[in-house]
Structures are given as C-alpha cells and as structure tokens.
Amino acid sequence: MTGPRTQPDDATRRTYLAQERTLLAWWRSGLAALAVAIGIGRIVPALLGVSATPFLTLGVGFGLLGLSFVFLGARRDRAVTRHLATGRFEPLDCRVVWAMTAAILLLGAATIVLLIAES
C-alpha cells in the first residue's frame with residue numbers, strides 16, 4: 001500500500017470529497033437540463049409535426065436553466081471550499097434555492113401546457 005494513510009475519523013477529507021460529489025451533482029443537473037433543452041426545442045416539434053417556435057422558446061429556457069446549474073454549482077463549490085479551508089460553513093442562499101425552484105416549476109408547467117395544447 002502506497003501513499004499516506006488517513007485516520008478513519010478524518011472528517012475534513014470526507015467533507016471535501018462530499019463537496020466534490022455535490023459539484024458533480026450540480027453539473028449532472030445542468031447537463032440533464034441541456035439535454036431536455038435539445039429534446040423540447042428540436043426533437044419534440046419534429047416528432048409532433050408542429051410549429052417549432054413555442055418549443056424552441058421553451059428549449060431556450062431549459063438551456064438557460066442548465067447553464068445556471070453549471071455556473072451556480074461552480075460558484076457554490078468555490079465558496080464552500082474557501083469556507084472549509086477556514087473551518088467555517090455557509091449554507092446555500094435560500095434565494096438561490098427559491099429562484100431555481102421557481103424556474104423549474106415554471107418551465108415544467110409551461111412544458112405540460114404546451115404539450116397539451118399541441119396534442
């Protein structure tokens with residue numbers, strides 16, 4: 001076995017690794033939203049044979065949501081890493097949580113309405 005051994009109670013190491021997993025979750029969410037953007041904006045109108053404009057608009061919304069996840073995840077990772085280095089913790093700003101929640105609810109509702117209207 002090579003390399004330094006860590007103690008089983010090394011909470012700092014586990015905390016940093018958890019933060020890395022959290023960053024990856026932000027990125028996965030961003031990539032998923034970008035995939036939905038392509039599906040809603042390009043694939044759905046082609047499959048349904050309907051006007052692409054409303055679906056394209058909705059796709060752009062999901063694309064912006066995806067980019068927001070990537071940006072906010074990177075920003076959060078930087079803030080948490082900085083705070084961990086000084087032994088502090090700063091919870092995620094509730095305004096970010098509510099803004100992302102509102103965006104997801106709005107885009108989800110718009111998707112449902114648009115799909116029903118076009119069927």
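Which side chains meet in a salt bridge? The side chains of Asp-93 and Arg-95 do, at 2.6 Å from N to O. This is a predicted model, where local features need pLDDT of at least 70, side-chain atom pairs count only at pLDDT 80 or more, and totals for chains, interfaces and linings use all residues. Residues are numbered from 1 along each chain as its sequence is written, and side-chain values use heavy atoms, leaving out hydrogens and water.

**The salt bridge**
- A salt bridge here is a side-chain nitrogen of Lys or Arg within 4 Å of a carboxyl oxygen of Asp or Glu, and the count by this rule is one.
- Asp-93 is partly exposed, with a relative accessible area of 30%, whereas Arg-95 is exposed at 63% (buried is under 20%, exposed over 50%, partly exposed in between, with a 1.4 Å probe and protein chains only).

**Helix H2**
- At the start of H2, a side-chain oxygen of Ser-51 comes within 3.5 Å of the backbone nitrogen of Thr-53.
- Gly-87 follows H2 and has a positive phi, near 80°.

Terms used. A polar contact is a pair of N or O atoms within 3.5 Å; within protein, one must be able to donate a hydrogen and the other to accept it, and residues adjacent in sequence count only if both atoms are side-chain atoms. Helices (H or I, at least four residues) and strands (E, at least two) are DSSP runs, numbered from the N terminus.
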